[in-house]
Amino acid sequence: MSYNVLIELFDNIADFRDYVPYVASDIEIEELNSSAIGTRKQIQGIITIPLWKSIIQDKDSDAWHHLKLAFGNLTMYKAVVFVTIAKRMSGGADVYKYELESMRRQYIDNYFNAMDSLIQELDTNEMYKESWHNTTDFQYLDNLRIKTTAEFNSLYGIDMSYLFFFRTIAIQREVLDDTIGGYFTSIEDRKAEFEVKLKRALAMLVISVALCRFDIIEFPATIRSLFDEQKSSRNGTDERNGQLGLAATLQSQAMEAIKAIDLALSEPESGNIDPTTSYNRESDKIFLMS
């Protein structure tokens, strides 16, 4: 008999319904297990298995409830399309595409909000803080230029999404290593004048790369709202083209800011950095096709 991973967090389907909206009365918790397996792996990949085990042992903590919200809603986000098809094939009422997409959007919104709250809890609660700060991703922050969600949000609005910030740690490392990291060394003597401008360019480049790699549903609401799915002409190709278009715009704006910094740095000094040496080559990891 297979093990149902949902019972780690939920006592029964009634408990599941307390955290996840619109779970039909004819759904049994066993039916959601296949979707829950992938969900658990996804969340454990973010918070680590030791922290997962620590949280589920403390059922009175805020982290426990945030984890249940995140786990339940992401599971239903993955499962609802199968549940809907099964219901139609068994003679049940059809669900319109826009209704299904609205449900899935609500589930993923609930998941992101819960994960933002969970990561914030891990980052501030003394019970979890040390373990969280010892995770690999968190330790990478020591070598980054934008080190907190709040700082990133002040440079480019991401709705204070802790989850999105931590998912872009690897991208920020890549952009710094492969493109503009050297500029931060060049402005050491004039940090007050250029640091914020350079960090804003870095934030735009991170978002630009993320737009090329993430599904739009994985972005904070402010960015997702630029690709409103309720438009009558919206389809997958339009949405992808829109993402790539915004990515190209952000990259262009970032490059202009860097060029301006480069010009300012070159005026009093003979040596300057050619801003075209790291951009717009096919070998560049953030090169975009227009």
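**Arginine 104 and tyrosine 77**

The charged end of arginine 104 sits over the ring of tyrosine 77, 4.2 Å from the ring centre; the criterion is NZ of Lys or CZ of Arg within 6 Å of the ring centre and within 35 degrees of the ring normal. This is a predicted model, in which local features need pLDDT of at least 70 and side-chain atom pairs count only at pLDDT 80 or more, while totals for chains, interfaces and linings use all residues. Residues are numbered from 1 along each chain as its sequence is written, and side-chain values use heavy atoms, with hydrogens and water left out.

Arginine 104 belongs to helix 5 (helices are DSSP runs of H or I, at least four residues, numbered from the N terminus). The side chain of arginine 104 also reaches the backbone oxygen of tyrosine 77, at 3.4 Å. Leaving aside residues up to four places away in sequence, arginine 104 touches Tyr77 and Val80, where contact means heavy atoms within 4.5 Å.

Arginine 104 is buried yet has no salt bridge. Buried means under 20% relative accessible area, exposed over 50%, and partly exposed in between, with a 1.4 Å probe and protein chains only. A salt bridge requires a side-chain nitrogen of Lys or Arg within 4 Å of a carboxyl oxygen of Asp or Glu. The nearest side chain of opposite charge is that of glutamate 101, 4.3 Å away; Lys and Arg count as positive and Asp and Glu as negative, with His and the chain ends not counted.

**Aspartate 109**

Helix 5, residues 97–124, also holds aspartate 109. The side chains of aspartate 109 and arginine 224 are joined by a polar contact of 2.3 Å. A polar contact is a pair of N or O atoms within 3.5 Å; within protein, one must be able to donate a hydrogen and the other to accept it, and residues adjacent in sequence count only if both atoms are side-chain atoms. Alanine 70 lies 39 residues from aspartate 109 in sequence, with a C-alpha to C-alpha distance of 9.6 Å.

**Asparagine 73**

Asparagine 73 is in helix 4, residues 62–89, and counts as buried because its relative accessibility is 0%. The side chain of asparagine 73 reaches the backbone oxygen of tyrosine 19 at 3.1 Å. Not counting residues up to four places away in sequence, the contacts of asparagine 73 are Tyr19, Val20, Pro21, Tyr107, Asn110 and Tyr111.

**Aromatic rings**

The whole structure contains 13 aromatic pairs. Phenylalanine 164 and phenylalanine 219 form a tilted pair, because their ring centres are 5.4 Å apart and their planes meet at 45 degrees. This pair links distant parts of the chain, 55 residues apart: phenylalanine 164 is in helix 9 (residues 162–167), and phenylalanine 219 is in the loop between helix 11 (191–213) and helix 12 (221–224). Rings of Phe, Tyr and Trp (its six-membered ring) pair if their centres lie within 6.5 Å; planes under 30 degrees apart count as stacked, over 60 as edge-to-face and the rest as tilted.

Both phenylalanine 164 and phenylalanine 219 are buried. Elsewhere, ring pairs link Phe10, Phe16, Tyr19, Trp52 and Phe71 into a cluster. The charged end of lysine 59 sits over the ring of tryptophan 64, 4.9 Å from its centre.

**Positive phi values**

Most residues other than glycine have a negative phi. Tyrosine 22, not a glycine, has a positive phi of about 55 degrees. Tyrosine 22 lies in the loop between helix 1 (13–19) and helix 2 (33–47) and counts as exposed at 62% relative accessibility.

Aspartate 159 also has a positive phi, near 55 degrees. Aspartate 159 is in the loop between helix 8 (149–155) and helix 9, and at 39% relative accessibility aspartate 159 counts as partly exposed.

Note on methods
Helices (H or I, at least four residues) and strands (E, at least two) are DSSP runs, numbered from the N terminus.
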